[in-house]
Amino acid sequence: KFIIFTGVSHMKNIIPRIKFFIVMLVFWFILNFNFEITTILFGIIISFFVSIFAYEILHDEHGFRYKGIKIHRLLFYFVVLFIEIFKASFIYIVNLISKQYEPVIFKIVLDLEDPVQVAIVANSITLTPGTITVDIVDHTIFVMVLAKPGTSHEDLERPIRQKFEKLLKIKGDKS
């Protein structure tokens with residue numbers, strides 16, 4: 001009876017792991033956008049090991065552990081992030097040519113309590129040309145940015161709050 005019970009328990013666990021494996025494999029192909037045999041083989045091997053070792057971290061008996069960001073909101077966030085990276089690259093070039101800007105480090109305390117959301121904002125800052133996340137402490141991010149001398153703290157915070165933090169906040173909730 002114990003063997004049968006264990007087998008049933010493992011069977012319930014196989015389908016979500018296969019789904020997770022497929023998602024990881026699709027993500028691998030999206031990142032590589034290369035369908036050579038070596039890329040396919042490495043993708044299968046890496047996705048297999050990720051699905052084995054990371055599954056228990058991301059899932060429990062009730063399903064996916066992290067439920068903080070809806071997929072449609074995350075997709076919209078990535079579109080906005082891509083546009084911001086594109087815009088910032090041109091602004092960064094102009095700033096370098098004009099030589100009117102200097103590196104400034106400032107602190108921003110986010111209204112996001114979820115560490116995953118804070119990490120997404122911090123990584124988004126670093127992906128945007130001309131800015132880099134220096135450190136993260138709880139929901140406080142230390143950012144280095146190229147700015148005109150004398151730029152106010154509010155002017156430095158505003159793009160982060162309006163472009164990144166605002167998109168991740170859940171309506172009606174503090175975080």
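## Report on a predicted structure

Strand β4 (residues 131–137) pairs with β5 in the antiparallel sense over 6 bridges; two strands pair if DSSP finds at least two bridges between them. This is a predicted model in which local features need pLDDT of at least 70 and side-chain atom pairs count only at pLDDT 80 or more, while totals for chains, interfaces and linings use all residues. Residues are numbered from 1 along each chain as its sequence is written, and side-chain values use heavy atoms, with hydrogens and water left out. Helices (H or I, at least four residues) and strands (E, at least two) are DSSP runs, numbered from the N terminus.

A nonpolar core is a set of buried Ala, Val, Leu, Ile, Met, Phe, Trp, Tyr and Cys residues joined through side-chain atoms within 4.5 Å. Helix α6 gives the most to this core, with 5 residues. The core has 20 residues, of which Leu110, Val121, Ile141 and Ile160 touch the most other members. Not counting residues up to four places away in sequence, Val121 touches Tyr77, Leu110, Leu112, Ile141, Ile160, Phe164, Glu165 and Leu168; contact means heavy atoms within 4.5 Å.

Tyr77 also belongs to one of the 7 aromatic pairs that the structure holds. Rings of Phe, Tyr and Trp (its six-membered ring) pair if their centres lie within 6.5 Å; planes under 30 degrees apart count as stacked, over 60 as edge-to-face and the rest as tilted. Tyr77 and Phe78 form an edge-to-face pair, at 6.3 Å centre to centre and with 70° between the planes. Ring pairs also link Phe29, Phe33 and Phe35 into a cluster.

The table gives the accessibility of three residues, where buried means under 20% relative accessible area, exposed over 50% and partly exposed in between (1.4 Å probe, protein chains only).

| Residue | Relative accessibility | Class |
|---|---|---|
| Thr39 | 10% | buried |
| Tyr77 | 1% | buried |
| Phe78 | 45% | partly exposed |

Thr39 lies in helix α2 (residues 37–53). Its side chain makes a polar contact (a pair of N or O atoms within 3.5 Å; within protein, one must be able to donate a hydrogen and the other to accept it, and residues adjacent in sequence count only if both atoms are side-chain atoms) with the side chain of Asn34, at 3.4 Å. Leaving aside neighbours within four places in sequence, Thr39 is in contact with Trp28, Asn32 and Asn34.
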